[in-house]
Amino acid sequence: MSLSVEIAHRFPGLTLELGFDAPEGVTALIGRSGAGKTTVANVVAGLMRPDRARVRLGDVTLADTTAGLWLSPQVRRIGYVFQEARLFPHLSVRQNLLYGARRRSRLAEAEGELPGVTELLGIGGLLTRRPGALSGGERQRVAIGRALLSGPRMLLLDEPLAALDPARKAEILPFLERLRDHAGLPILYVSHAMEEVARLATTVVALDAGRVVAQGPASAVLSDPAAVPALDPGAAGAVIEAVVEAQDSDGLTRVAAAGGTLYLPQIAAEPGARLRLRIEAQDVMISRDRPEGLSALNLIAARIISIHPGHGPGALVRLKAGEAVILSRITQRSVAALGLAEGQGVHAVIKSLAMASDNVGTARVMAGQGDGR
Amino acid sequence: MWVPLSPAEWEVLTLSLRVGLMAVALTLPIALFAAYALARWSFPGKALVNGIVHLPLVLPPVVTGYLLLITFGPQAPLGRVLEAVGLPIAFRWTGAAVAAGVMALPLMVRAIRLSLEAVDPRLEQAAATLGASRAAVFVTVTLPMALPGVIAGTILGFAKALGEFGATITFVSNIPGETRTLPLAIYSFLQIPGGEGAAARLVIFAVVLSMGALLVSEWIAARAARRVAGA
């Protein structure tokens, strides 16, 4: 089941005119604040009616304003997780979780799903508590569970981690990954945090000033300079896939990436495990010749696909290493000094690598939600 | 003077409570609707509706009573309709309840409106995305969240109904056992030479009753507020 969205709306100071398709998996809607991300989420959920909109989920048309069709939020069956959990303070956690099921007369079903969902989210011990007594991370997990148990046809998460500190974010991200792999629902994930997007997204739609500037598979969009305006400056980076080869005795983990062998600070994964690595553009240097006597371990041969001068002194260079696309942010002066040009063979020196995900194993289990896994 | 209540005093007290409770019961649904409409909707003539709701607060009570009389009196068309369906209110205790309810309406609407406006509309949106109809959102989210204010407004309205004098005496007169509520009884005793003692006893009842209502409302509202705070 996929979601297709077309929206046009004129705000004072911002004209929204966009369309995109979100296939199965996690589609991340990225962009700076004010780009129109939350508006898109609210239109999809039916909370905001724009000048024009066409929203289809699978074979159901949720909105088609030219045909005068506008389904109310209550019948759209979109599980919306808001930035601030929006739990009902006068109800217990259990009552919150089952609220949607009661309204949609699927209480018995939801009570059957409850143990699986509470286990998935690690909230089994909170059922009798009230939202006021929960931490921010717990609240957000309950909010996700509440959306899951309402019998949704898709999930909509609007910056669900933005209000949390890094420790709480790290606490929730693994749950979101499990959700992606087990819930079997399309997920639209609104965010401007690149770490989250790199870890979770299978598809990325980049918005800037009310328009889609890039959309497609995550690895392609995140290394697409056209998407860079949608990101925070300095947050540009590529996501590549790699396989663990060995744990070396000096504490480094050797992985095989598309472009060559890379060494990471030790990570807990068996040889053969698949990883998603995020390489920030500012951590990638370019050398015209193979450098000698360099402390950096990660050196891969690459070819320049394109060079995109920025507004400032920087330039973004797109490199192809094997099948992978890597971004490098260097100065325009360096581009000129090295005489870099499209098609040229160079070496990319990667100062550090960040793990985007410990998504071990390749099989993405598509199962009914709440089946206990 | 502390002797058990006389049958006449019991009659006054129970009648007053009956009138007060009926007044609140009649007015609460109207007050809730009006408060919700004023808090959440924008519609043409909103200022006018707001004005009409508040009219009993600013009009002399006698004028309110007179307007009720010419609307619901035995000669008025609406009064005849009520009489025909077996619900005559003119010069009945039910009429006293209507008069007291009308006088209590603005106070109840004000308190309830404030508490409804304090309910976060984003919670109502969340409820809607979870499948709640508008009515379900109101019953399961808005009303429980606004409950402390609704209770406070209701008790305030009840106290106002207990003390209502001007509109009541104008609309349904001062009939012992039918429309002679506590304030009317106190007034009546004060008109009789030597009635001060009896009036004083009723005054004590009035103070105890009002104070009791206030304390109960504070207690219920505090409990409800704790519930809504969600701790």
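Me: In this predicted model, which residues of α5(B) meet B:P61, B:T64 and B:L68 in α3(B)?
Reply: The two sides of this contact both lie in chain B. Helix α3 of chain B covers residues 61–72, and helix α5 of chain B covers residues 93–117. The α3(B) side gives B:P61, B:T64 and B:L68. Facing them in α5(B) are B:V98, B:A99, B:V102 and B:M103.

Me: How many residues of the contact of α3(B) with α5(B) are nonpolar, polar and charged?
Reply: The residues that meet include B:L68 of α3(B) and B:V102 of α5(B). By class, the contact of α3(B) with α5(B) divides into six nonpolar, one polar and no charged.

Me: Which residues of α7(B) make the contact with α1(B)?
Reply: The axes of α1(B) and α7(B) lie 9 Å apart. From α1(B) come B:S16, B:L17, B:G20, B:L21, B:A23, B:V24, B:L28, B:L32 and B:Y36. From α7(B) come B:F138, B:T142, B:L143, B:V150, B:T154, B:G157, B:F158, B:A161 and B:L162.

Me: What is the class make-up of the contact of α1(B) with α7(B)?
Reply: These helices pack at an angle of about 140 degrees, and α1(B) and α7(B) are therefore oblique to each other. The crossing of α1(B) past α7(B) is right-handed. Their contact has 13 nonpolar, five polar and no charged residues.

Me: What are the elements of chain B, from the N terminus on?
Reply: The C-alpha trace of chain B spans about 65 × 45 × 30 Å along its principal axes. Chain B has ten helices and zero strands. The order is α-α-α-α-α-α-α-α-α-α.

Me: Which residues are closest to the centre of the largest pocket?
Reply: The largest pocket has a volume of about 670 Å³. Its lining holds 21 residues. Closest to the centre are B:Y36, B:E124, B:A128, B:R134 and B:V137.

Me: Which element gives the largest share of the lining of the largest pocket?
Reply: The lining divides into twelve nonpolar, six polar and three charged residues. Two or more residues come from each of α2 (73–76) of chain A and α1 (7–40), α6 (121–129) and α7 (134–163) of chain B. The largest share is five residues, and it comes from α7(B).

Me: Which residues line the second largest cavity?
Reply: The count comes to two cavities of 30 Å³ or more. The second largest cavity has a volume of about 40 Å³. By class, its lining has seven nonpolar, no polar and no charged residues. They are A:V26, A:L157, A:L176, A:L179, A:I187, A:Y189 and A:L200.

Me: Which elements give two or more residues to the lining of the second largest cavity?
Reply: The lining includes A:L176 and A:I187. In chain A, the elements asked for are α6 (166–182) and β9 (187–191).

Me: Is the crossing of α3(A) and α4(A) left-handed or right-handed?
Reply: Helix α3 of chain A covers residues 93–103, and helix α4 of chain A covers residues 107–121. Their axes come within 9 Å and cross at roughly 140 degrees. That makes α3(A) oblique to α4(A). The crossing of α3(A) and α4(A) is right-handed.

Definitions and conventions. Residues are numbered from 1 along each chain as its sequence is written. Chains are lettered from A and ligands numbered from 1 in the order in which they are written. This is a predicted model: local features need pLDDT of at least 70, side-chain atom pairs count only at pLDDT 80 or more; totals for chains, interfaces and linings use all residues. Side-chain values use heavy atoms; hydrogens and water are left out. Axes are lines fitted to C-alpha atoms, for helices over the stretch in contact, and angles run from 0 to 180 degrees between N-to-C directions. Helices (H or I, at least four residues) and strands (E, at least two) are DSSP runs, numbered from the N terminus. Angles under 35 degrees count as roughly parallel, over 145 as roughly antiparallel, 65 to 115 as roughly perpendicular and the rest as oblique. A crossing is left-handed if the near helix is turned anticlockwise from the far one by less than a right angle, and right-handed if clockwise. On a 1 Å grid over the protein atoms alone, a cavity is a set of points where a 1.4 Å probe fits but cannot get out, and a pocket is an open set with protein on both sides within 12 Å along at least five of seven lines; lining residues have an atom within 4 Å of a point. Grid points are joined across faces, edges and corners, and a volume is the space filled by probe spheres set on the points. Ala, Val, Leu, Ile, Met, Phe, Trp, Tyr, Cys and Pro count as nonpolar, Asp, Glu, Lys and Arg as charged, and the others, Gly among them, as polar. Contact means heavy atoms within 4.5 Å.
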